[in-house]
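This report describes a protein chain from its overall build to selected residues. Please consult the sequence and the structure alongside the text.

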Amino acid sequence: MTASPPESALAPYLDRSYALVLRAIAQSGAASVDAYTEWRALTPLSAVPFAQHRAFPMLADFVTRENIAEREYERLRGVSRNLFTRNAANLHHLRQVLDLMAQQTIAPILLSGLALHAHKAVRLDGMVLGALELLIPAAQFHVAQDLFKANAYRPASERPAPDNASWHPPSSDCLIILRTSPLPSLTNPHFVQECIAASHMHQFQDRHVRVLSPTELLFCACVQPAIHDDIACFTAILQGHALLATVPNAIDWVALQARIRRHGLQAYALAYFQFLTQHTAHDVPSTFMAALNATVRQDNIDEWMADRQRPTERPIGPKLRKAYRDLRFFRHSPSTLVGKIIRGMTRPLSR
């Protein structure tokens with residue numbers, strides 16, 4: 001058996017400025033104050049990376065809790081107020097969507113930020129809700145889209161993928177994403193059915209809805225494929241932090257480890273959890289981390305490193321190797337994979 005590469009073979013999940021923000025909001029006392037002080041010395045708030053704005057509400061809470069003199073406190077708190085207003089408007093659209101789908105007995109499952117809010121892992125003024133992401137059973141996917149068309153919803157793309165489609169409500173820029181799988185990088189029907197079976201029924205926005213389970217949410221966060229994008233990466237880190245801070249006992253670490261290994265995603269998860277455990281005090285089982293490190297292989301790392309490049313910048317070799325791994329580790333059906341390859345080859349030609 002090939003020996004596992006050392007942990008140092010993986011580059012940091014995010015740079016030090018993100019680590020300092022995470023330490024400030026996830027730790028307490030001197031450690032968090034020191035992290036915040038170092039972060040504030042790096043650049044003015046007006047010039048911090050846009051992705052870090054997602055942590056401004058939590059940083060405002062931190063400043064209040066630690067009684068720190070922050071001359072730009074109102075900028076931090078202003079983001080919280082704006083988020084609350086925007087999120088409340090988006091949840092209004094969600095209620096309309098849920099009622100519309102109920103007419104056709106479509107029972108979507110809440111994903112991502114919506115699921116975190118339903119699990120009470122985040123407050124409405126403490127997160128960027130962003131797009132409203134809903135998992136739709138594959139058999140009802142086209143029914144849901146026809147329902148949107150009939151009610152004057154506008155498609156966000158002229159060429160939607162067969163497994164996800166983005167829509168805007170009438171007279172609104174709110175983005176609603178319908179998916180047939182929680183992850184675009186993993187559409188295996190068995191995985192989707194496991195997620196549906198493990199989903200929880202919640203009372204949310206005065207409606208009974210199904211919500212992705214905490215274990216599935218953490219899986220989706222730790223192996224999310226857009227690791228070239230700081231916004232996607234930091235959002236995933238904040239989601240993991242929220243889950244481990246509020247519902248740590250709901251995580252099935254054995255099932256999580258098994259799924260990561262089954263789909264050959266050890267490098268993604270290892271880089272993610274290394275960053276999360278190094279900069280927070282969350283109790284991630286040492287056996288889980290040891291198992292990840294013991295099973296990561298150089299081909300795992302090569303794929304992860306290739307994905308750190310933007311898709312348009314990746315050469316054909318890594319793309320073909322990824323297609324092989326997608327088949328080998330049962331991430332997609334062969335027909336789905338062929339469709340993804342064709343769309344990837346033809347998309348630049350249509351611009």
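## Basis of the model

The model is predicted: local features need pLDDT of at least 70, side-chain atom pairs count only at pLDDT 80 or more, and totals for chains, interfaces and linings use all residues. Residues are numbered from 1 along each chain as its sequence is written, and side-chain values use heavy atoms, with hydrogens and water left out.

## Overall build

The chain has 15 helices and seven strands; these are DSSP runs numbered from the N terminus, helices being H or I of at least four residues and strands E of at least two. Its radius of gyration, taken over C-alpha atoms, is 20 Å, close to the 20 Å that the globule rule gives for 351 residues, so the chain is as compact as a globular protein of that length. The globule rule is 2.2 Å times the number of residues to the power 0.38. Along the principal axes, the C-alpha atoms fill a box of roughly 55 × 55 × 40 Å.

Of the 351 residues, 50% count as buried, where buried means under 20% relative accessible area, exposed over 50% and partly exposed in between, with a 1.4 Å probe and protein chains only. A contact means heavy atoms within 4.5 Å. Among contacts between residues at least 6 apart in sequence, 68% join residues at least 24 apart.

## Salt bridges

A salt bridge is a side-chain nitrogen of Lys or Arg within 4 Å of a carboxyl oxygen of Asp or Glu. By this rule the count comes to 20. One of them joins Glu70 to Arg40, with the closest N and O atoms 2.8 Å apart. Because Glu70 lies in the loop between α3 (56-66) and α4 (73-102) and Arg40 in helix α2 (residues 29-42), this pair ties together parts that are 30 residues apart in sequence. Both Glu70 and Arg40 are buried.

Another salt bridge connects Arg328 with Asp299, the closest N and O atoms being 3.5 Å apart. This pair links distant parts of the chain, with Arg328 in helix α14 (residues 316-328) and Asp299 in helix α13 (residues 298-307), 29 residues apart. Arg328 is partly exposed at a relative accessible area of 42%, and Asp299 is partly exposed at 30%. Salt bridges that share partners join Asp299, Glu303, Asp307, Arg314, Lys322, Arg325, Asp326, Arg328 and Arg331 into one network.

## Packing of selected helices

In α13, the buried residues are Asn300, Ile301, Glu303, Trp304, Ala306 and Asp307. The buried residues of α13 pack against α11 (266-279), α12 (286-295) and α14.

Gln257 is found in helix α10 (residues 253-262) and is buried, with a relative accessible area of 12%. Leaving aside neighbours within four places in sequence, Gln257 is in contact with Phe288, Ala291, Leu292 and Thr295.

## Positive phi angles

Most residues other than glycine have a negative phi. Ser112, which is not a glycine, has a positive phi near 50°. Ser112 lies in helix α5 (residues 112-118) and counts as partly exposed at 21% relative accessibility.

Ala152 also is not a glycine and has a positive phi of about 65°. Ala152 is placed in the loop between α6 (141-150) and β3 (154-155), and at 46% relative accessibility Ala152 counts as partly exposed.
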